[in-house]
Amino acid sequence: LVCVDEVQTGIGRTGTLFCYEQYGIEPDIVSMAKGLGGGVPIGAILCGEKCADTLQPGQHGSTFGGNLLACRAAQTVLSVVDQPQFLASVKEKGEYIREQLLAMHSPAIREVRGMGLMLGIGGASRYAICRTQGDGVRADHAFSRALACGGALGGLLALAGLLWAVPLARLLGAEGTILPMCSVYLRTVLFFAPCFLLNHILTAFVRNDGNPKLAMAAMLLGSLSNIVLDYVFLYPMDMGIFGAALATGIAPVVGLCVSSLHILTRRSHFRLRPFRPALRPLADLAGLGSAAFLNECSSGLVLVVFNLLTLRLAGTLGVAAYGIVANLALMALALFTGVNQGVQPLVSLAHGRGDAAGVRTLCRMALGLALCAGLCMAALAFFAAGPLVSLFNRDGDPALQQMAEQGLRLYFLGFPFAGLN
């Protein structure tokens, strides 16, 4: 027997009278309550042919069973809900809310991280070059400028979030019932903007100062705290969208604390040094880190655009399929990021020594590794798409499996070029 629980999802709540109608199944038993009475307590079941004669009148005991008031309420609810126009309206509003929720995954947060990467990688590259050349003053100035600029920029973003969260949310496409949630999320996350920027800056300097293991530990522990706190704030503490934003904001604080151990244990070679404000040195740092900024921002923009376009072209099934592809791609792209950020300090040090041959060798090695990794991942996606998609398709939906497999093979064709880029 197939029994479907429609207590939460039935009576028009998903755009059809019963949710199971959207999945092409024919249940033998359907349970109902809540929505059926429109606020009046009621419980009921529907039985198919297999079970039609199992229960006779009087045999189905229920506290909220068929009393006259409850049944009259249910009749009234069904007369309104079970109408094509009403159900079409529910479906239309559901699509609208889904689009607005997808818009909440805006590139704005990635842009904050991108600014931190730009200042961090740009400043750390200049720091490594100057330090290798024996110019400790300019090396310290690079650190001081990056830190000061990150703190100032983060402060401005935090202030913008506190004062203009609602207009910013509207600018990003949020409206209606989603606007308050998006505003809370933006206000909370932007409050931590200084921590996001300073975390990326300090992590890059720690990596370039000969302590890549601590930099990696800071990134891992920050990400892990985000995952754990997401669960704690959303489920046991029931803090809603504010809890999700707070977990995201605390993550860079954890990363900062771990990276600070490099300074507290007196292993760092960089220190704060007074400097004269000037545009040219700041442009130098931004120029060296601009590629990291563009990469981070474009990733967020692509994710939002793909989600919205996929929703319109292929509906929720397409969004689910793209979600699987995007998650697998994110894990694969992390390898390229590791190669990129791993080779950067080595290239900067070689350049600082004036070792042009060493720079070329390191670049060839990194490009070769990225190309090989990209080809391997493209081959893996082509030949093992089924098992990879199955890791995320826990319900075994055949339509989702087919769409995600096809999308994975197409998407990963670009990975050899992504690695080189």
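This note sets out numbered points on the strands, helices and selected residues of a predicted model.

1. Basis of the values. The model is predicted, and local features need pLDDT of at least 70, side-chain atom pairs count only at pLDDT 80 or more, and totals for chains, interfaces and linings use all residues. Residues are numbered from 1 along each chain as its sequence is written, and side-chain values use heavy atoms, with hydrogens and water left out.

2. Three strands make up an open sheet in the order 1-2-3, with mixed pairing; strands are DSSP runs of E with at least two residues, helices are runs of H or I with at least four residues, and both are numbered from the N terminus. Strand 1 and strand 3 are the edge strands, each pairing on one side only. Between neighbouring strands of this sheet the average turn is 20 degrees, direction ignored. Axes here are lines fitted to C-alpha atoms, for helices over the stretch in contact, and angles run from 0 to 180 degrees between N-to-C directions.

3. Strand pairing. Strands of a sheet pair through backbone hydrogen bonds, either parallel or antiparallel. Pairing is assigned if DSSP finds at least two bridges between two strands. Strand 1 (residues 3–5) runs parallel to strand 2 (residues 29–32), with three bridges; in this pair, Cys 3 has Ile 29 of strand 2 as its bridge partner. Strand 2 pairs with strand 3 (residues 44–47) in the antiparallel sense over four bridges, and Val 30 stands opposite Leu 46 in strand 3.

4. Positive phi in two loops. Ile 11, in the loop between strand 1 and strand 2, has a positive phi of about 60 degrees although it is not a glycine. Ile 11 counts as buried at 6% relative accessibility; buried means under 20% relative accessible area, exposed over 50%, and partly exposed in between (1.4 Å probe, protein chains only). In the loop between strand 2 and strand 3, Lys 34 also shows a positive value in a residue other than glycine, with phi near 40 degrees. Lys 34 is partly exposed, at a relative accessible area of 47%.

5. Helix 7 against helix 8. How do helix 7 and helix 8 cross? The axes of helix 7 (residues 212–234) and helix 8 (residues 240–259) come within 7 Å and cross at roughly 160 degrees. Helix 7 is therefore roughly antiparallel to helix 8; angles over 145 degrees count as roughly antiparallel, under 35 as roughly parallel, 65 to 115 as roughly perpendicular and the rest as oblique. Their crossing is right-handed, the term for a near helix turned clockwise from the far one by less than a right angle, whereas anticlockwise gives left-handed. Residues making the contact (heavy atoms within 4.5 Å) include Leu 221, Gly 222 and Ser 225 of helix 7 and Gly 243, Ala 247 and Ala 251 of helix 8. The contact residues divide into 14 nonpolar, eight polar and one charged. In this division Ala, Val, Leu, Ile, Met, Phe, Trp, Tyr, Cys and Pro count as nonpolar, Asp, Glu, Lys and Arg as charged, and the others, Gly among them, as polar.

6. Helix 6 against helix 8. Helix 6 (residues 193–208) packs on helix 8 at an angle of about 30 degrees, with the axes 9 Å apart. This makes helix 6 roughly parallel to helix 8, and helix 6 passes helix 8 in a left-handed crossing. The contact includes Phe 196, Asn 199 and Leu 202 of helix 6 and Pro 252, Val 253 and Leu 256 of helix 8. Its residues comprise eight nonpolar, six polar and no charged.

7. Arg 126 belongs to helix 3 (residues 107–132) and is buried, at a relative accessible area of 19%. Apart from neighbours within four places in sequence, the contacts of Arg 126 are Arg 138, Ala 142, Asp 284, Leu 285 and Leu 288. His 141, in helix 4 (residues 136–171), also counts as buried at 19% relative accessibility. Residues up to four places away in sequence not counted, His 141 touches Arg 273, Pro 274 and Phe 275.

8. Two separations in space. Arg 276 lies in the loop between helix 9 (261–264) and helix 10 (279–352) and is exposed, at 74% relative accessible area. From Arg 276 to Tyr 235 there are 41 residues in sequence and 49 Å in space, C-alpha to C-alpha. Ala 320, in helix 10, is partly exposed at 34%; Ala 320 and Gly 354 are 34 residues apart in sequence and 50 Å apart in space, C-alpha to C-alpha.
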